[in-house]
Amino acid sequence: MTTTEDQSVSDAATAGSHATDIARSGAATFRTGGGDVDQARVATVVGAALEGIRSAIREHKVTYDEFDAFKRWLISVSDTGEWPLFLDVYLEFEVEKVAAETQDGSVGTILGPFWLDGQAQLDSPATLPMRDDEPGTPMILAGQVTDTDGTPLAGAKVDIWHTDEEGWYSGFAAKPPAGNLRGVVTTDDQGRYEIHTRKPAPYTIPLDGPTGQMTLAAGWSPWRPAHIHLLVTAPGHRTLTTQLFFTGDPYLGNDVASADKPELTLDPQPTGHGDEIRSDRDFVLEAE
Ligand code: BEZ
Ligand code: FE
């Protein structure tokens, strides 16, 4: 989440440890059922994962030097608290694809490590908390939340978070104040929401930590296209976890987290008020 050297140093450490605390606390339990671990399932899934690594060792004749470097890298992922970041960049999109095979309603994508609980609760139409001089293109995101049969979901919650114009997330970087460009907006009696914010920017994952270093060492792009994160919830309905991207973004199709999908691309249009732009996007939630 950086293009600036000095900020990236504090950012990787802050983002890593904060995301680890959140993952450890299980705050994102809206997705998980918990439950007992089945021995056969452990043997099947862990066995397949280990065999994948063993087969890479055999096929590519991995040396002891490389094995030792891998150990040191794994240790530094732990030391920097980057397990949530690494897992969400390189594996979450496959878990999401598997989950989507049995889901109805709007298209979703990954959550990522930068969601925060306890943000400003706002009624629609709402303006997200932002600095007096918040830079960036003013943007309106609006639409309706419905059930799969088209019934409007009044009182649904649209939890939204995104970076500022420089690619920084509040709560994970030094620059934006706490709660900046984050909020939970309640739909009106027609299930409609309207959110006034700023257009976010593309960003790189932190480059000074082991996830970014490994990405650069492999010659892969560390960029995520600009995106808006959303969690859309309504009682009795499965929570939709999604992101919205922007047409023309240079990083679409080459997202380091492989989370962009054509169905999730917005094409905002000028509203005629200064440089303000607007996109309309409805969300459909499936009943549980
Ligand atoms: C995100 O904020 O979207 C994200 C960041 C790093 C990894 C995966 C997702
Ligand atoms: Fe993000």
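The second largest pocket is lined by 19 residues, and those nearest its centre are Ile 53, Ala 56, Phe 70, Trp 73 and Phe 86. Two or more lining residues come from each of α2 (39-60), α3 (64-79), α4 (83-90) and α6 (210-217). Helix α3 gives the most to this lining, with six residues. By class, the lining of the second largest pocket has 17 nonpolar residues, one polar and one charged. The volume of the second largest pocket is about 750 Å³.

This is a predicted model, in which local features need pLDDT of at least 70 and side-chain atom pairs count only at pLDDT 80 or more, while totals for chains, interfaces and linings use all residues. Residues are numbered from 1 along each chain as its sequence is written, chains are lettered from A and ligands numbered from 1 in the order in which they are written, and side-chain values use heavy atoms, with hydrogens and water left out.

**Terms for spaces and elements**

Rolling a probe the size of a water molecule over the atoms shows where empty space is left. On a 1 Å grid over the protein atoms alone, a cavity is a set of points where a 1.4 Å probe fits but cannot get out; a pocket is an open set with protein on both sides within 12 Å along at least five of seven lines, and lining residues have an atom within 4 Å of a point. Grid points are joined across faces, edges and corners, and a volume is the space filled by probe spheres set on the points. Helices (H or I, at least four residues) and strands (E, at least two) are DSSP runs numbered from the N terminus. Ala, Val, Leu, Ile, Met, Phe, Trp, Tyr, Cys and Pro count as nonpolar, Asp, Glu, Lys and Arg as charged, and the others, Gly among them, as polar.

**Cavities**

The structure holds two cavities of 30 Å³ or more. The largest cavity contains about 80 Å³ of space. Its lining includes Leu 85, Asp 88, Val 89, Tyr 203, Arg 224 and His 229, and α4 gives the most to this lining, with three residues. The lining of the largest cavity divides into eight nonpolar, two polar and two charged residues.

The second largest cavity has a volume of about 50 Å³. Of its 10 lining residues, Ala 15, Gly 16, Glu 82, Leu 85 and Phe 114 lie nearest the centre. Helix α1 (residues 5-25) supplies the largest share of the lining of the second largest cavity, four residues. That lining has seven nonpolar, two polar and one charged residues.

**Aromatic rings**

The structure holds 10 aromatic pairs. Rings of Phe, Tyr and Trp (its six-membered ring) pair if their centres lie within 6.5 Å; planes under 30 degrees apart count as stacked, over 60 as edge-to-face and the rest as tilted. Two of the pairs are set out below.

| Pair | Centre to centre | Angle between planes | Type |
|---|---|---|---|
| Tyr 64 and Phe 67 | 6.2 Å | 75° | edge-to-face |
| Tyr 169 and Tyr 203 | 5.3 Å | 80° | edge-to-face |

Tyr 64 and Phe 67 are separated by about one helical turn because they are three residues apart in helix α3. Tyr 169 lies in the loop between β4 (157-162) and β5 (182-186) and Tyr 203 in strand β7 (residues 203-204), so this pair ties together parts that are 34 residues apart in sequence.

Accessibility is described by relative accessible area: buried means under 20%, exposed over 50%, and partly exposed in between (1.4 Å probe, protein chains only). Tyr 64 is exposed at 68%, and Phe 67 is partly exposed at 35%. Tyr 169 is buried at 0%, and Tyr 203 is buried at 4%.

Ring pairs also link Trp 73, Trp 83, Phe 86, Tyr 90 and Trp 220 into a cluster.

**The sheet**

Strands of a sheet pair through backbone hydrogen bonds, either parallel or antiparallel. Two strands are taken to pair if DSSP finds at least two bridges between them. Here six strands form an open sheet of mixed pairing, in the order β1-β5-β4-β9-β10-β11. The edge strands, β1 (121-123) and β11 (265-266), each pair on one side only.

Strands β1 and β5 pair in the parallel sense over three bridges, and Gln 121 stands opposite Val 184 in β5. Strands β4 and β9 run antiparallel and are joined by six bridges, with Asp 159 opposite Leu 231 in β9. Six bridges also join β9 to the antiparallel strand β10 (residues 240-246), where Ile 228 stands opposite Leu 244. Strand β9 (residues 227-233) is largely enclosed by the rest of the structure, because six of its seven residues are buried. The hairpin of β9 and β10 has six residues between the strands, and Gly 236 takes a positive phi near 80° there.
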